[in-house]
Amino acid sequence: MGILNVTPDSFSDGGRFLSRETAVAHGRELAAQGADILDVGGESTRPGAEPVDPVEECARVVPVIEELAAAGDVQVSVDTSKVEVARAALDAGASYVNDVTAFRAEAGMAALVAERGADCCLMHMKGQPRTMQDDPRYDDVVSEVKAFLAERLAFAVAEGVPEERIHLDPGIGFGKTVEHNLELIRRLEEIAELGRPVVIGVSRKAFLGRITGREVGERAVATAAGSALAWERGATIFRVHDVAPVRDALAVAGATVGPPWAPTTQTSSTS
Ligand code: HH2
């Protein structure tokens with residue numbers, strides 16, 4: 001899942017893809033690198049981010065989604081917690097709703113996803129983006145995140161979303177310390193036990209900077225390492241800014257220890 005932030009303030013690429021042309025070109029580049037899903041977002045969820053009006057959020061994402069979906073070669077996702085934005089995105093050709101609040105922000109999101117037959121990702125977040133990194137605490141982060149995701153999965157199914165359309169995400173960096181993030185990745189099998197595909201988003205996040213000392217734009221290798229380790233523990237969808245290095249890392253991980261990995265691009269067997 002390639003990340004396409006059409007925002008002025010995202011933590012790693014804010015302002016880079018604000019015009020429709022640059023955003024679509026970047027989406028095409030991510031698809032060329034091997035992304036199967038493009039996740040288009042018009043509101044940053046970084047710690048301290050300010051909320052965006054739904055009209056403005058639609059103006060950012062809808063034209064980009066329309067153009068990317070029309071190409072027809074990748075699934076288009078909208079990263080939003082607002083029903084109005086999700087509806088406009090689905091009308092524009094998106095078929096996946098990535099809601100970082102797991103359908104808690106607005107009543108009606110689950111019903112919309114159900115009615116449209118869309119796929120969705122339900123993510124764990126403790127608190128709100130503005131304050132979520134202010135001293136987050138858990139007794140056992142993995143058990144708490146797992147119980148939360150089980151409850152949100154049951155809620156979505158009760159609202160009419162078919163279980164097979166639902167993906168679950170522990171929400172790396174959303175109300176979690178470095179150690180919480182590492183514990184979640186280390187014990188990701190416990191989240192996978194819920195029986196739904198696990199989405200993982202380590203891409204360029206602050207905990208990787210704390211471990212490596214790298215600035216935000218220099219974390220692609222760390223992202224690939226974290227993604228490969230998450231794959232080994234059960235993740236199957238990787239929400240990333242740098243698609244090519246992550247695909248390479250997953251190909252090597254899969255070829256080494258996993259069930260057969262089917263690369264989408266072939267290279268010479270001698271090279
Ligand atoms: N992380 C971010 C945003 N959306 N969605 C899911 N399902 N999982 C994640 O880990 C996740 C997410 C934050 O990353 P980014 O989109 O690059 O930054 P920003 O929120 O500042 O736009």
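A polar contact, as I use the term, is a pair of N or O atoms within 3.5 Å; within protein, one must be able to donate a hydrogen and the other to accept it, and residues adjacent in sequence count only if both atoms are side-chain atoms.

**Ground rules.** I am working on a predicted model, where local features need pLDDT of at least 70, side-chain atom pairs count only at pLDDT 80 or more, and totals for chains, interfaces and linings use all residues. Residues are numbered from 1 along each chain as its sequence is written, and side-chain values use heavy atoms, with hydrogens and water left out.

I looked up H241 and found an N or O atom of its side chain 2.8 Å from an oxygen atom of the ligand. K205 brings a polar side-chain atom to 2.7 Å from a ligand oxygen, and N98 places one 2.9 Å from a ligand nitrogen. The protein buries 98% of the 480 Å² that the ligand exposes when taken alone (Shrake-Rupley method, 1.4 Å probe).

**Ligand shell.** I then listed the residues with a heavy atom within 4 Å of the ligand: there are 17, and the closest are S10, S44, T45, D169 and K205.

**A salt bridge.** Next I checked E43 and K82, whose side chains form a salt bridge at 3.1 Å, N to O (a Lys or Arg side-chain nitrogen within 4 Å of an Asp or Glu carboxyl oxygen). I noted that E43 and K82 are 39 residues apart and link distant parts of the chain.

Conventions: Helices (H or I, at least four residues) and strands (E, at least two) are DSSP runs, numbered from the N terminus.
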